[in-house]
Amino acid sequence: MLKKTISILIAIIMVLSCVSATAFAEGAVDAKVKEYLVAPSQYTNNPYYGANIENTLSGKAYTASLGNFGGYVIYEFNNKIENSDKHRYGIDFMISGNAFNAAATTQEPGQVWVSQDGETWYALAGSEHFEDETNWSYSVTYQKTETNTSTYVDSLGESGNVCSRSPYPLKANYPTVDFDENSLTLSGVLLRKNLTPSTKNGISTSFGYVDALSWKMSDLPVNPYVENPQQNAKDGQFDISWAVDADGMPVHLDWIKYVKVQTATFIDGGIFGEKSTEINGVNLASDEDFTNDKTDVEITVNGEKAVFDSNNFAKLDNLGKGVEIKVNAKNSNVYINNERTDTKLFAEAPAKGLVRVLVQTGDGEAQIFMLDVSSALPESELKLSESSLEIQKYESAQLKANLKDITWTSSNENVVYVDKNGKIYTINDGTATITATSPKGQTAECVVTVLPKENTETVNVTFSVSDGTIIIAPEVLEVEAGIAKAYGYQVASVDHNGNKVEGATVMDAIVAAHKAFYGDKFTRSTAENYLVMNSSFIMKSFGRSTSVCGFLVNGAMPNDGIVNPSYGTPTGYACDTATIVDGDNISYYFYQDTRYYSDMYAEFNSDSYTVAAGSKLKVNIKGYSLMEHGLSDIDTIRANYMTNLKDVDIYLYEDGELKKLATTNKKGNAKIKFTEEGEYTLVAVRSSDSEESPTVVAYSKVTVTVKKDSFIVRMFKTVYNFFAEIINKIFDGMC
């Protein structure tokens, strides 16, 4: 008897430990694993269950674990997964776990997220998404210890040991994720937390999670909305139409390319270890020919018919304490939040203020209706997730409010900017107060202290802007890496060759120049009044709409140096991928000849001159065609492509004013005379109305020394000094 009991126990442990029989699907999925990390658990660093996640795309059942809460995998699909009406029941893809039944004690549900670009993610709202217990913004910080058990601190203010056998992940085992060797924070949707060890701990879900129901790998769905889905449906079926944003509101997506699966519970299962989502395999739904059935739906709330907008959303005002919802939909499966029923009474309004109604008919996709019943919630004090924050410059953080429809403001947008969703972005060192205001006028505050960013790369460059006139004369500009992103610009993270962009860029310098030029008028919320960038192209700059602008770094266009055979030159860098270093000279300009783009880059034959007052200074102006030779290196340009520029006007630039001094001849020469000693700036420019191509403004410094004496005066002084010296010697001898 004892042996039989032990055998049964071992069998159960093997099932919960992800040992599954090999089954075959129709073929491998055309996708790859973009990221994978097993959170501290019994399977972390395990060479079998905690590795080889790629095999879940093989078309065979191959189990891999995600570990404890927050552990995740991101799949990147090479082709779009369509949200198609040719998918029976609306199920677009399947990701199955290894649950051998659907009992609450054996479910290990994983939350699924979807994205089109791999950056913006939306949760697929499963059956439990709108329940009071579900936490949409839970986070855990795991900490490494010297033992086999990690510790944790979470967003609820709770801390302690994780579960028994929960080693910290080794970086070498998870090369696709950049994380600290001693502390790891993971965030996501939490369905339930219970860290008191017990084999009875668990949660029961009905649909919309991985590793929750009995699994079967197949590209053909089973209706997830049927009665008693724990026995009659199957694991891991997903409809892209379930996608919701951070506020729980539906988001329409025609397709996706990225899917993320993440363990959604923080539960200690006693002798069986933590509840850790496992994945057996991935399937895409097959297109089928069927009738996409729908039925007429009528929903009443507290006896009144709900009126929905075109997005099937209804906001219900002046509800009483209780909320009773009735759904009239013939021959249909109806879910009201997580309960399969056409009538549901909420004695207290759901804490999230939302009720989702799903109506699924025949073989068709479910119709989704969203009810805002927040008016039935009792009035409560407005509270924020944080009352004070310390955060480094150029970092961001999310503030949460316990009430809906909050308006957010910052006392100083030059220090901290806050968007309409309560996300804060730090701009400069200092302190700002973020104020949240409810529709009823309640307020709550969070004081944000912005600290200097550690190890920020700062470069000093000479920066100038011209449009045939001078917008900004050359000045030394301090540029911090990341300032463009801090002001809300969507900058590239990699260049056109796929190399990571590191350090300060020309776009950072352009943003810093706008900030220097406009001062406090240039904030994150006003920045696009002056400067607009779209897909690495500048569409507005210094308040003018234009895409005909360019930049040079040290006299040439930055490029990768690799000659592209298609057009015979290297490929230039965009403003947000061209990096800069200390001492660079950046010339930012607007093309004047916008029809032919034949502008010339001009330069004096010297960056600086010294001449005596009253003497003539000879200068020479050379230049080259930007469009023809700008992508060559500056040494090659100067050796081969520089030509003398005639009819270039030379100006004296003082106090923002230009005074014409001379014009170059056909050899590019001009002579200038200064009458008084001092320091001066020369400007060279050929305007767009010239018969020749216009030039980008060139600059040079002139130091004018004291005026030289004429030859006769110098001779007189020499003779005078000679005789004065003789007389002084005679008198010295007499004495």
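A polar contact is a pair of N or O atoms within 3.5 Å; within protein, one must be able to donate a hydrogen and the other to accept it, and residues adjacent in sequence count only if both atoms are side-chain atoms.

The model is predicted: local features need pLDDT of at least 70, side-chain atom pairs count only at pLDDT 80 or more, and totals for chains, interfaces and linings use all residues. Residues are numbered from 1 along each chain as its sequence is written, and side-chain values use heavy atoms, with hydrogens and water left out.

1. Lys 344. The side chains of Lys 344 and Glu 339 make a polar contact of 3.4 Å. Lys 344 sits in strand β24 (residues 343-346); strands (E, at least two residues) and helices (H or I, at least four) are DSSP runs, numbered from the N terminus. Its relative accessible area is 12%, so Lys 344 is buried (buried is under 20%, exposed over 50%, partly exposed in between; 1.4 Å probe, protein chains only). Beyond neighbours within four places in sequence, Lys 344 is in contact with residues including Val 323, Ile 325 and Ile 336 (contact: heavy atoms within 4.5 Å).

2. Thr 265. This residue belongs to strand β15 (residues 265-267). Thr 265 is buried because its relative accessibility is 0%. Leaving aside neighbours within four places in sequence, its contacts include Asn 68, Phe 69, Arg 192 and Lys 275.

3. Salt bridges. The count is 15, taking a side-chain nitrogen of Lys or Arg within 4 Å of a carboxyl oxygen of Asp or Glu. One joins Glu 76 to Lys 32, with the closest N and O atoms 3.8 Å apart. That pair links strand β3 (residues 72-82) to strand β1 (residues 31-37), 44 residues apart. Glu 76 is buried at 17%; Lys 32 is partly exposed at 44%.

4. Glu 288 and Arg 88. Their side chains meet in a salt bridge (2.9 Å, N to O). Glu 288 lies in the loop between β17 (281-284) and β18 (298-301), and Arg 88 in the loop between β3 and β4 (93-96), so the pair ties together parts 200 residues apart in sequence. Both residues are buried.

5. Lys 315 and Asp 372. This salt bridge spans 3.4 Å, N to O. Lys 315 is in strand β20 (residues 313-315) and Asp 372 in strand β26 (residues 367-372), 57 residues apart. Lys 315 is partly exposed at 41%. Asp 372 is buried at 7%.

6. Cysteines. The disulfide count is zero (a pair of cysteine sulfur atoms within 2.5 Å). Cys 163 is buried at 2%, and Cys 446 is buried at 0%.
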